[in-house]
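Trainee: Could you take me through the place where the ligand sits, slowly and in one go? I'd like to see what surrounds it, and then a few spots elsewhere in the chain.

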Amino acid sequence: MENKDLVNLLVRKKYITSERIKEAFLSVDRGNFVRENLRDMAYYDEPLPIGYKQTISAPSIVAVMITLLNVEPSNKILEIGTGSGYNACLLAALGKKVYTIERIPELRKQALENLKKCKHREKVVSLLGDGSKGYPPEAPYDRILVTCGAPDIPQPLIRQLAEGGRMVIPVGSMMFQELYIIEKKNSEIKKKIWGDVAFVPMIGTYGHRWA
Ligand code: SAM
């Protein structure tokens, strides 16, 4: 199995429906974002552990979220939850600049190593901190992708979303959430729900609190 087999599977199952997103997935080898001992598993549609009780999401949900986000080449993007760096590299393939925040220092370090093998790495800025507060210095963002489950939509993320911008975010409990698509138009927020998802929790000021 290799990366193109995974992409073909995602196309066959209609998780990838656009040529541009297909090209992005072909340009980012998922094998570079999983641990050495799990490399054989990288090209299956499965979430995998990346250490520190965190996961790289299943490629099908990554494709769904990226499709819903509708990234344009001129977009400045904020990602909350760098994890392995896989999603950040895919977003960089589609947009202009990606700011990605991770709260676990060891994971950020691992992601920086992984991102060395990302063709689009010069478009990725990796940050350490509580992404539930967003990243005000570079706001507003045309697109915001949240890859951890929040109890509610963090207000700072709504503030930092550009006019005409779009955010995709799982909202719900520590274990199960609904995937929201948020749009800001004429300073108003419109919400649509894609369906049920299961992400690791967002931990932070506007996230869940670790017991
Ligand atoms: N996008 C990732 C990838 O491509 O591998 C997968 C992310 S994983 C499902 C969710 C990540 O969100 C974890 O690495 C977790 O540590 C991180 N996270 C949780 N709460 C956070 C917060 N408040 N700020 C930043 N990262 C957070």
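Mentor: Of the 27 residues around it, the ones that come nearest are Gly81, Ser84, Glu102, Gly131 and Ile203; a residue is near if one of its heavy atoms lies within 4 Å of the molecule. Before going on, some ground rules: this is a predicted model, where local features need pLDDT of at least 70, side-chain atom pairs count only at pLDDT 80 or more, and totals for chains, interfaces and linings use all residues. Residues are numbered from 1 along each chain as its sequence is written, and side-chain values use heavy atoms, with hydrogens and water left out.

Now the polar contacts, meaning pairs of N or O atoms within 3.5 Å; within protein, one must be able to donate a hydrogen and the other to accept it, and residues adjacent in sequence count only if both atoms are side-chain atoms. A backbone N or O atom of isoleucine 203 lies 2.6 Å from a nitrogen atom of the ligand. Aspartate 130 uses its side chain, with a polar atom 3.0 Å from a ligand nitrogen. Arginine 103 comes in through its backbone, where a polar atom is 3.3 Å from a nitrogen of the ligand. Taken alone, the ligand exposes 610 Å², and the protein buries 99% of that; these areas come from the Shrake-Rupley method with a 1.4 Å probe, and for residues only the protein chains shown count as cover.

What makes up the shell? By class, it has eleven nonpolar, twelve polar and four charged residues. Here Ala, Val, Leu, Ile, Met, Phe, Trp, Tyr, Cys and Pro count as nonpolar, Asp, Glu, Lys and Arg as charged, and the others, Gly among them, as polar. Strand E2 (54-56), strand E3 (76-80), helix H4 (86-94) and strand E4 (97-102) each supply at least two shell residues, and the largest share, three residues, comes from E2. Those labels are DSSP runs numbered from the N terminus, with helices (H or I) of at least four residues and strands (E) of at least two.

Eight of its nine residues are buried, so H4 is largely enclosed by the rest of the structure. Buried means under 20% relative accessible area, exposed over 50%, and partly exposed in between (1.4 Å probe, protein chains only). The buried ones in H4 are Tyr86, Asn87, Ala88, Cys89, Leu90, Leu91, Ala92 and Leu94.

Elsewhere, histidine 208 is placed in the segment after strand E9 (188-197), and counts as buried at 12% relative accessibility. Its side chain reaches the backbone oxygen of glycine 149 at 3.5 Å, and a polar atom of that histidine 208 side chain lies 3.5 Å from the backbone oxygen of glycine 172. Isoleucine 144, in strand E6 (residues 141-146), is also buried, at 0% relative accessibility.

A cis peptide bond joins alanine 139 and proline 140, with omega about 5°; proline 140 lies in the loop between strand E5 (124-128) and E6. Lysine 14 has a positive phi of about 65° although it is not a glycine; lysine 14 lies in the loop between helix H1 (3-12) and helix H2 (19-27) and is exposed, with a relative accessible area of 64%. Tyrosine 52 also has a positive phi, near 55°. This tyrosine 52 lies in the loop between strand E1 (48-51) and E2, and counts as partly exposed at 42% relative accessibility.
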